[in-house]
Amino acid sequence: NYGFVGSVSMVSGNQLPASVNNLFIYKTGSADCSLSQPLSVNGTLTLNTGKIISSSGNLLTCSSTSTVTGVNHGSFVSGPVKKTGNTAFIFPVGKTTYYRPIEISAPTNTTDEFTAEYFLSDPDALYDVTQYENNIKHISRSEYWILDRTAGTPDVNVTLSWNSVSGGITD
């Protein structure tokens with residue numbers, strides 16, 4: 001079990017092994033935990049207060065046996081999160097003070113992988129928002145997620161979250 005408690009704002013060097021069973025975040029003030037190496041959680045990731053700052057090079061990975069608890073608007077992962085395995089999962093992602101989860105149904109195989117990240121910005125800079133499937137009812141111009149299937153070939157059902165910053169989404 002590993003935890004980050006107090007006001008230290010960086011995780012630097014090799015303070016953690018590459019894989020941990022349980023990890024908890026309980027930071028004070030505005031301190032967050034910036035990963036300086038990739039980290040895999042195999043048990044429970046408890047996000048209480050403070051954010052984990054990840055990146056594509058310092059990726060947080062949750063295994064098929066991992067669970068996430070305690071996520072809220074003050075404690076989530078700001079950056080990409082990878083999920084490995086064949087269990088349904090709610091990615092604990094957000095930006096600034098917005099926890100904005102994205103959920104997938106259970107993939108087929110234990111080796112399947114998905115990576116998700118939330119962005120609090122207009123997606124039109126990267127994606128033409130006038131080009132979309134006919135069954136989509138609304139495109140937000142203030143936020144978006146990227147969900148990539150990074151290993152395997154399964155289709156999953158995806159559920160997005162919304163709130164008052166969602167650019168006109170009401171249902």
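## An all-strand predicted model

The accessible surface of the protein is about 8,800 Å², and 51% of it belongs to carbon and sulfur atoms. Accessible areas come from the Shrake-Rupley method with a 1.4 Å probe; for residues, only the protein chains shown count as cover. This is a predicted model: local features need pLDDT of at least 70, side-chain atom pairs count only at pLDDT 80 or more, and totals for chains, interfaces and linings use all residues. Residues are numbered from 1 along each chain as its sequence is written, and side-chain values use heavy atoms, with hydrogens and water left out.

### Overall make-up

The protein has 0 helices and 18 strands. Both are DSSP runs numbered from the N terminus: helices are H or I with at least four residues, strands are E with at least two. Of the 171 residues, 43% are buried. Buried means under 20% relative accessible area, exposed over 50%, and partly exposed in between (1.4 Å probe, protein chains only). Contact means heavy atoms within 4.5 Å. Among contacts with a separation of 6 or more, 40% join residues 24 or more positions apart.

### The six-stranded sheet

An open sheet holds 6 strands in the order S2-S5-S8-S11-S16-S17, with mixed pairing. Two strands pair if DSSP finds at least two bridges between them. S2 and S17 (144-151) stand at the edges with a single partner strand each, so one side of each lacks a neighbour in the sheet. Strands of a sheet pair through backbone hydrogen bonds, either parallel or antiparallel.

| Strand pair | Sense | Bridges |
|---|---|---|
| S8 and S11 | parallel | 3 bridges |
| S11 and S16 | antiparallel | 4 bridges |
| S16 and S17 | antiparallel | 7 bridges |

Thr61 stands opposite Lys82 in S11. Lys83 has Phe114 in S16 as its bridge partner. Tyr118 stands opposite Trp145 in S17.

Strand S11 (residues 81-84) is covered on both faces. Val81 and Lys83 lie on one side, Lys82 and Thr84 on the other, and all are buried.

### Core and cysteines

A nonpolar core is a set of buried Ala, Val, Leu, Ile, Met, Phe, Trp, Tyr and Cys residues joined through side-chain atoms within 4.5 Å. The largest one has 24 residues. Those with the most contacts inside it are Leu23, Leu45, Ile52, Leu60, Val81, Phe91 and Val93. Elements giving two or more residues to this core include S3, S5 (39-41), S6 (44-49), S8 (60-62) and S12 (89-91). S15 and S16 are also on that list. S16 gives the most, with 3 residues. In soluble globular proteins, nonpolar side chains tend to be buried together.

Cys33 counts as buried because its relative accessibility is 2%. Cys62 is buried too, at 0%. A disulfide is a pair of cysteine sulfur atoms within 2.5 Å. By this rule the count is 0 disulfides.

### Glu113

Is Glu113 buried or exposed? Its relative accessibility is 18%, so Glu113 counts as buried. The residue sits in strand S16. Its side chain makes a polar contact with the side chain of Thr84 at 3.5 Å. A polar contact is a pair of N or O atoms within 3.5 Å; within protein, one must be able to donate a hydrogen and the other to accept it, and residues adjacent in sequence count only if both atoms are side-chain atoms. Leaving out residues up to four places away in sequence, Glu113 touches Lys82, Lys83, Thr84, Asp148, Arg149, Thr150 and Ala151.

Asn22 lies in the loop between S2 (19-20) and S3 (23-27). Asn22 is partly exposed, at 23% relative accessible area. A polar atom of its side chain is 2.7 Å from the backbone nitrogen of Thr44.

Thr96 is in the loop between S13 (94-95) and S14 (98-99). Its phi is near 50°, a positive value in a residue other than glycine. Thr96 is partly exposed, at 49%.

Ala106 is in the loop between S15 (102-104) and S16 (113-119). With 42% relative accessibility, Ala106 counts as partly exposed. Not counting residues up to four places away in sequence, Ala106 touches Asn86, Thr87, Ala88 and Val156. Pro154 is 48 residues from Ala106 along the chain, and their C-alpha atoms are separated by 9.2 Å.
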